[in-house]
Amino acid sequence: MAEIILSPDQEEAYNTIARWFANGGCVTPKQKNPHLLTFAGYAGCGKSTCISLLAKEFGSAIRFAFCALSGKAASVLGKLLQDQGIKFGEDNHYCGTIHSLIYQPLENDKGEVIYWIKKDLLDCDIIVIDEASMISQDIFNDLCSYGKDILAVGDHGQLPPIEGNFSLMKDPDIKLEKIHRQAEDNPIINLSMQIREHGQIPHGYKSNDKVNIIAKPSYINLLQNSFQGNKSPRELLDTAVLCYKNATRNNLNTIIRKVIFGAFSPVPLTNDLVICLRNNKNKKIPLYNGYRGYTAGVTREEGDFYCSRIKFPYEGITTHEIDMCRYQFGFPKTFSSFDELEKFGMQIVHWSEAGYLFDYGYALTVHKSQGSQFNNVILFNERPAPVSADNYRRWIYTAATRASDKLTIVL
């Protein structure tokens, strides 16, 4: 295992977090909560390197729960930690989703999960949240309810969370802003640096082995090449088409589904990718906003609902047959009021009566993609008129840093 040498700013961050681990309590002058330390850094600055070395240093004295909202983010973090010899399992540290950390399944006599219940206790000393810029207020409150110290790690250059004004990365206690020398050689990281500097993709940017720039008239061929060929749902989940506007998202989902299935279907089909649009913590299957999975096909159309089982491979969850609100599929935005549902004839008095809110999950807005990472990202560069320069900078930076291997930008 090659020795990792920290840069001066990384070493300073490392030492600050190490003091907090060892002593507890505030370690920076502006830290407001002694039980919460926020650690931010741009992509390529070495946040994960610091965390993996800290875990290696303190792993025999502290039991960590490393978690992220999405299963993909948790798996990426887990690989980095395992590369440093960190072990996970019953007698070791935890690494996985927030869902699996705080909920436990209840099974019937056939071994089927019929309910998830919130755990009373967590067997860890410190919770480390990765991709913390995605964490909403209610999820953070759930984690705080266990009384554990929390280290929140994220990227302060990204967009704020989807819901509300809460953001763990708004004013972090520790910041890394210098890109590590090795990371500069990654074209995706290098482009993200230029985006932060210029507020947009630099004029005349040249394609390379990681980043490809194409003209808009070529996008149909691009989608065909990306989605044709009897790919498995797991392969499809490794590609995300990102955009800004919901109208663009709906149009792209329609095109992609035609490419995959050969014809348009108004009903979700077997292995159709779907995305959860609203937290559902109070239901039998607690699912979080942004989870992507695939259906087993609609087994029943019952009134206002499509009924189907859904598998979330990265989160390690397979639902029983759940009721998905049929009117949400293809609707321009996530339902936020009962009045919107009443236009479709639904008379409800509580959100639990609306069913699970899902839509097709091939194309998604950049806001929904936060907290996850994909091998292949196709970005439709668009900037609606009201979007400020700072918001656009954060939007396109967030989009670019969702790609781990290949980024294609449609201009």
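The model is predicted, so local features need pLDDT of at least 70, side-chain atom pairs count only at pLDDT 80 or more, and totals for chains, interfaces and linings use all residues. Residues are numbered from 1 along each chain as its sequence is written, and side-chain values use heavy atoms, with hydrogens and water left out.

## Nonpolar cores

A nonpolar core is a set of buried Ala, Val, Leu, Ile, Met, Phe, Trp, Tyr and Cys residues joined through side-chain atoms within 4.5 Å. Buried means under 20% relative accessible area, exposed over 50%, and partly exposed in between (1.4 Å probe, protein chains only).

The largest nonpolar core holds 70 residues. Phe21, Phe39, Leu151, Leu379 and Leu407 touch the most other members. Phe21 has contacts (heavy atoms within 4.5 Å) with Leu54, Phe58, Ile62, Phe64, Ile126 and Leu151, leaving aside residues up to four places away in sequence. Another core, of 63 residues, lies apart from the largest one. Its members include Cys67, Tyr103, Leu252 and Val259.

## Cavities

A cavity is a set of points, on a 1 Å grid over the protein atoms alone, where a 1.4 Å probe fits but cannot get out; lining residues have an atom within 4 Å of a point. Grid points are joined across faces, edges and corners, and a volume is the space filled by probe spheres set on the points.

By this rule there are three cavities of 30 Å³ or more.

## A strand residue

Helices (H or I, at least four residues) and strands (E, at least two) are DSSP runs, numbered from the N terminus. Pro105 sits in strand E4 (residues 103-107). Its relative accessibility is 40%, so Pro105 counts as partly exposed. From Pro105 to Ile195 is 90 residues in sequence and 43 Å in space, C-alpha to C-alpha.

## Salt bridges

A salt bridge is a side-chain nitrogen of Lys or Arg within 4 Å of a carboxyl oxygen of Asp or Glu. The whole structure has 13 of them.

| Pair | N to O distance |
|---|---|
| Arg63 and Asp123 | 2.7 Å |
| Lys72 and Asp238 | 3.2 Å |
| Lys210 and Asp405 | 2.9 Å |

Arg63 lies in the loop between helix H2 (47-58) and strand E2 (64-68), and Asp123 in the loop between strand E5 (113-118) and strand E6 (126-129), so this bridge ties together parts 60 residues apart in sequence. Arg63 is partly exposed at 21% relative accessibility, while Asp123 is exposed at 59%.

In the bridge of Lys72 with Asp238, Lys72 belongs to helix H3 (residues 71-83), and Asp238 to the loop between helix H8 (233-237) and strand E10 (239-243), 166 residues apart. Lys72 is buried, at 10% relative accessible area. Asp238 is also buried, at 16%.

In the bridge of Lys210 with Asp405, the partners are 195 residues apart: Lys210 in the loop between helix H6 (187-198) and strand E9 (211-214), Asp405 in strand E21 (residues 403-410). Lys210 is partly exposed at 21%, and Asp405 is partly exposed at 40%.

How values were computed: On a 1 Å grid over the protein atoms alone, a cavity is a set of points where a 1.4 Å probe fits but cannot get out, and a pocket is an open set with protein on both sides within 12 Å along at least five of seven lines; lining residues have an atom within 4 Å of a point.
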